[in-house]
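Dear colleague,

Please find below the structure that I am handing over to you. My notes on what was found in it follow directly after.

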Amino acid sequence: MASRAQKMPTGLRILSSAFVIVWLIMAAFPFIWTFWGSFKVELDFFSIADWTNALTGERTKAAYDRPFTGAGYYGAWVQEGFLHNVINTFIVCFFVVLTSLTIGTLGGYALSRSSYRYTFWLLITALIFRAMPPITLVAGYMLPFFEWNLWGILPTTIIVLVAINQPFTLWMLHSFFQNIPKELDESAKVDGCTQFQAFRHVIIPVMWPGVITTGLFSFLLAYNDFAVTSMLLAEENRTMVPQIAAFLGTTYTEGNIMFAVAAVVSATVPLFILVMFFQRQIVGGLTAGAVKG
Amino acid sequence: MFLFIAMPIVSVLTQSVFTPHEAVFKEVETCTPLVGCTTETSIDQDATRALRDAQPLGRFVGLDIYFNRGHLAVAEVGELWKTTESWGAFLDGLGNLPFYRAMGFTLTFTFLVTPLVIAFGLLVALAVNALHARLKGLVIFFSLLPFVITPLIGALVLFWMIDSRGILGSAVQWLASDPGLSLKASTGMMWIALIVYGVWHAAPFAFVIFYAGLQTLPQDQIEAAQIDGATRWQQVRYVVVPHLMPLVTFVALIQLMDNFRVFEPIVGFNASAHATSLSWAIFNDLGGETRQLSSAAATSVMTIIGVAILLSPVLVRTWRDFKGKT
């Protein structure tokens, strides 16, 4: 790789490094800016007088004697009870991931070991579902939910999210299981295992990488969803994302927007941690989809 | 599983051909001495309820909802076609009809963002690939952030920055030396902002895929090209890009689908006055006090048809591949 002919000319090297830096600023700066700004008062974060106020916090100093304040966080978490929404989000995410992985591993395993006539239809449904805006389906779910009085509660939302997510999960796990050689469970069966025992003792120990990757994507889907949760949940059951939208929608009073800023920063933290620990799996999952899809 | 997939689609289809009953009116004549008689029209609650119970789905109206002003607006378009002279005026008039307005933005967004994302992602991938190995992990970490972020939150974060009092908004005002300039006020600026958001959000996805593709780039082909005297640009053009072509198709497909359902940024940017998309139209119908289910359902059906048209080349190709295999 390091032969002289392949070395970049200095000009190009500088150019490409500069480009990477510009990209990094584009990607990271909005988050850093919002994080910094969430500790200010609104008049600093949206500064009419001078944009440097947002950095130094002139107005915040005037109001609280310090350049930083937790007022936005206090408002969001204590005053507005954001914790309740956080708990709801994690309930939804947990059950969506759990259900889709259970169905996904069992179904994906079964499909990968049967003849591949299903796989085409599975791929097509996964594709169509990937393509359809979730909100088009919400319109279909809503009337029955109203009729049966199921609207506005968490379990139905979880079911809808699982349904939207399932074809994708099945497809991903199916192609993952196909990479596990058939000989593995065949040899287990030769040793006297039943099909289920083979799955339990031979496949489960080796399936974790694929399951974790798929679980991550299910989690992201459930966590990031706005269309389904905002339409199908009643006000007292809202998850984080619709609640943030609601902070903005309610009557405009000073400081209210800072609640939303603080809530946004709080909602970003779990994702940040997720990327930090599971970067390799996310990249792996994305590229696996590209190679096989 | 198929129950959950098929049922809502059937439900959407049914809803889209029905509309809620109109209230039954009754006329009541009240006579008071000295003043005389007055007839009042009021809603006959019992009769209305009876009718609603008899047919819970509502009146069957066939395809009427599809053709009314809120959707395909056949009558209005025909009228417009007859009265306007030039194409420009025709399209202008079309832009005032809600469905075509949403369609116009959705298509513009889809077909502008997709190529931009591919080009930008490729550039970032090439640049990162030339970096020192230690730095790559860090760069990938930060690059992933705009992609995994909740779309609504990402849109809000950018929106607060481009607010006329936010940092980017101020910067734009300063660059244009026009202190009254506001992104929120102008349709063109809003569209640009939405498209910038779209690229910002999706570029990491393209970048990661292309970057992975670059790792499998055959070195001997690059060397052969160098021996033949290819310049750096020619190497990229004739060796790297053809190698990545299947990935480009994949990214283009995913991006077409994702951008077609653009929705969150419009809510986040509060941009519905300047740009609406099909998804947003459904959301708008469903939300609010009235909950116009049938109108939303009709738009949903048309969105599904739109997706099907968009996907049909891919579906046909997959079908052929599948046939070829058996």
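**Findings**

In this predicted model, chain A contains 15 helices and zero strands. Of the 293 residues in chain A, 43% are buried. If one takes the contacts in chain A between residues at least 6 apart in sequence, 71% of them join residues at least 24 apart.

Two domains are assigned in chain A: domain 1 covers 26-69 and domain 2 covers 82-292. Where these domains touch, domain 1 of chain A supplies eight residues and domain 2 of chain A supplies nine residues. On the domain 1 side of this contact, the elements giving two or more residues are α1 (10-37) and α2 (42-45) of chain A. Of the elements on that side, α1(A) gives the most, with four residues. By class, the domain 1 side that touches domain 2 of chain A consists of four nonpolar residues, three polar residues and one charged residue.

I turn now to the contact between the chains. Here, 68 residues of chain B are in contact with 64 residues of chain A. Helix α15 of chain B, residues 293-325, gives the most to the side of chain B that touches chain A, contributing 11 residues. That side of chain B comprises 51 nonpolar, 12 polar and five charged residues.

When you read the model, which helix of chain B gives the most to the side that touches chain A? As set out above, this is α15 of chain B, with 11 residues.

With kind regards

Methods:
Residues are numbered from 1 along each chain as its sequence is written. Chains are lettered from A and ligands numbered from 1 in the order in which they are written. This is a predicted model: local features need pLDDT of at least 70, side-chain atom pairs count only at pLDDT 80 or more; totals for chains, interfaces and linings use all residues. Two residues are in contact if their C-beta atoms, placed from the backbone, lie within 7 Å. Ala, Val, Leu, Ile, Met, Phe, Trp, Tyr, Cys and Pro count as nonpolar, Asp, Glu, Lys and Arg as charged, and the others, Gly among them, as polar. Domain bounds come from an automatic or database domain assignment. A residue is buried if 20 or more other C-beta atoms lie within 10 Å of its own, exposed if 12 or fewer, and partly exposed in between; C-beta atoms are placed from the backbone.
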